[in-house]
Amino acid sequence: PEMVYIEACKTLGAKPNTAVLKLVRNARTPFQYLPHIDLTHNFLGERGFLAFLQALRLNTRWRFLSLAGIGLRNEGVYALVDALRADGTGQRALVIDLANNCISERGFNACLRLAEENPWVLEIGLKQTQVRQILLHKLRRVLDVNLEYVAQQPPVDEPEPDIEEFEASEEIEITEDDTGADPGGPDVQEESSAPPPAAPTTTGDSAGGLQGGPGGAEAAGGG
């Protein structure tokens with residue numbers, strides 16, 4: 001995925017984004033298997049997103065994708081929808097957040113078509129865009145039908161990914177904008193050879209990842 005992204009940046013004349021490079025290089029789970037991809041407020045711009053999309057298409061397991069506030073426009077929405085329609089999504093319940101981008105009714109129409117054609121699309125967040133509220137309500141009705149459909153489906157058992165060939169590295173959490181850093185990205189620190197600390201004795205699951213299932217992204221028209 002890293003080389004695919006870098007080559008796409010060269011072809012499109014986009015500067016590689018450090019946050020994307022961290023995502024495709026350093027995730028504990030290889031990028032191809034990441035279920036949760038969050039680039040919120042990491043400005044990519046139109047060409048930068050189109051380059052990232054080439055790497056995203058290698059991941060056939062993601063379920064949550066946040067592109068909120070990345071500088072996305074209608075053309076980027078068309079490209080994303082076309083990729084999802086061409087590649088197929090299988091029986092994966094998808095949550096997509098496109099909030100806080102310059103998306104108009106034309107981009108909305110592409111999102112609506114995707115939701116109508118693919119019942120596994122459960123949320124498309126379009127808050128703080130140029131899409132009128134009446135259209136968001138229209139999309140909401142389609143998504144509600146999809147939610148009912150998926151709720152009636154039997155659970156799908158997915159095979160565990162074969163990732164033995166990849167070395168685990170420190171998990172990277174993207175929390176800030178970064179558009180002007182060195183395209184080469186930061187050096188990856190070598191993993192310590194010291195034995196891991198003993199596991200804590202307390203019980204209870206730690207919070208992390210997407211909470212509340214499909215509610216993780218702002219629902220279209222929710223506000």
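Here are some notes on this predicted model, point by point.

1. Ground rules. Since this is a prediction, local features need pLDDT of at least 70 and side-chain atom pairs count only at pLDDT 80 or more, while totals for chains, interfaces and linings use all residues. Residues are numbered from 1 along each chain as its sequence is written, and side-chain values use heavy atoms, with hydrogens and water left out.

2. Overall layout. The protein chain has six helices and four strands, in the order α-α-β-α-β-α-β-α-β-α along the sequence. Helices here are DSSP runs of H or I with at least four residues, strands are runs of E with at least two, and both are numbered from the N terminus.

3. Burial and contacts. Of the 223 residues in the protein chain, 41% are buried. Buried means under 20% relative accessible area, exposed means over 50%, and partly exposed is in between (1.4 Å probe, protein chains only). For contacts between residues at least 6 apart in sequence, 82% join residues at least 24 apart; a contact means heavy atoms within 4.5 Å.

4. The cavity. The structure holds one cavity of 30 Å³ or more, and about 40 Å³ of space lies in the largest cavity. A cavity is a set of points on a 1 Å grid over the protein atoms alone where a 1.4 Å probe fits but cannot get out, and lining residues have an atom within 4 Å of a point. Points are joined across faces, edges and corners, and the volume is the space filled by probe spheres set on them.

5. What lines it. Around the largest cavity sit Val77, Leu80, Val81, Ile96, Leu98, Cys111, Leu114 and Ile124. By class that is eight nonpolar, no polar and no charged residues (Ala, Val, Leu, Ile, Met, Phe, Trp, Tyr, Cys and Pro count as nonpolar, Asp, Glu, Lys and Arg as charged, and the others, Gly among them, as polar). Helix 4 (74–87) and helix 5 (105–117) each supply at least two lining residues, and helix 4 gives the largest share, three residues.

6. Aromatic pairs. The count comes to two, where rings of Phe, Tyr and Trp (its six-membered ring) pair if their centres lie within 6.5 Å; planes under 30 degrees apart are stacked, over 60 edge-to-face, and the rest tilted. Phe31 and Phe52 are an edge-to-face pair, 6.2 Å centre to centre with 70° between the planes. This pair links distant parts of the chain, 21 residues apart: Phe31 is in the loop between helix 2 (18–26) and strand 1 (36–38), and Phe52 is in helix 3 (residues 45–56). Phe31 is buried at 2% relative accessibility, and Phe52 is buried at 0%.

7. The other pair. Trp120 and Tyr149 have ring centres 6.1 Å apart and planes at 85°, so they are edge-to-face. Trp120 lies in the loop between helix 5 and strand 4 (121–125) and Tyr149 in helix 6 (residues 133–151), so the pair ties together parts 29 residues apart in sequence. Trp120 is buried at 9%, whereas Tyr149 is partly exposed at 33%.

8. Two backbone spots to look at. Most residues other than glycine have a negative phi. His41 has a positive phi, near 60°, and is found in the loop between strand 1 and helix 3. Asn100 also has a positive phi near 60°, in the loop between strand 3 (94–97) and helix 5. His41 is partly exposed at 38% relative accessibility, and Asn100 is partly exposed at 34%.

Technical notes:
1 Å grid on protein atoms, 1.4 Å probe; cavity = no way out; pocket = protein on both sides within 12 Å on 5 of 7 lines; lining within 4 Å.
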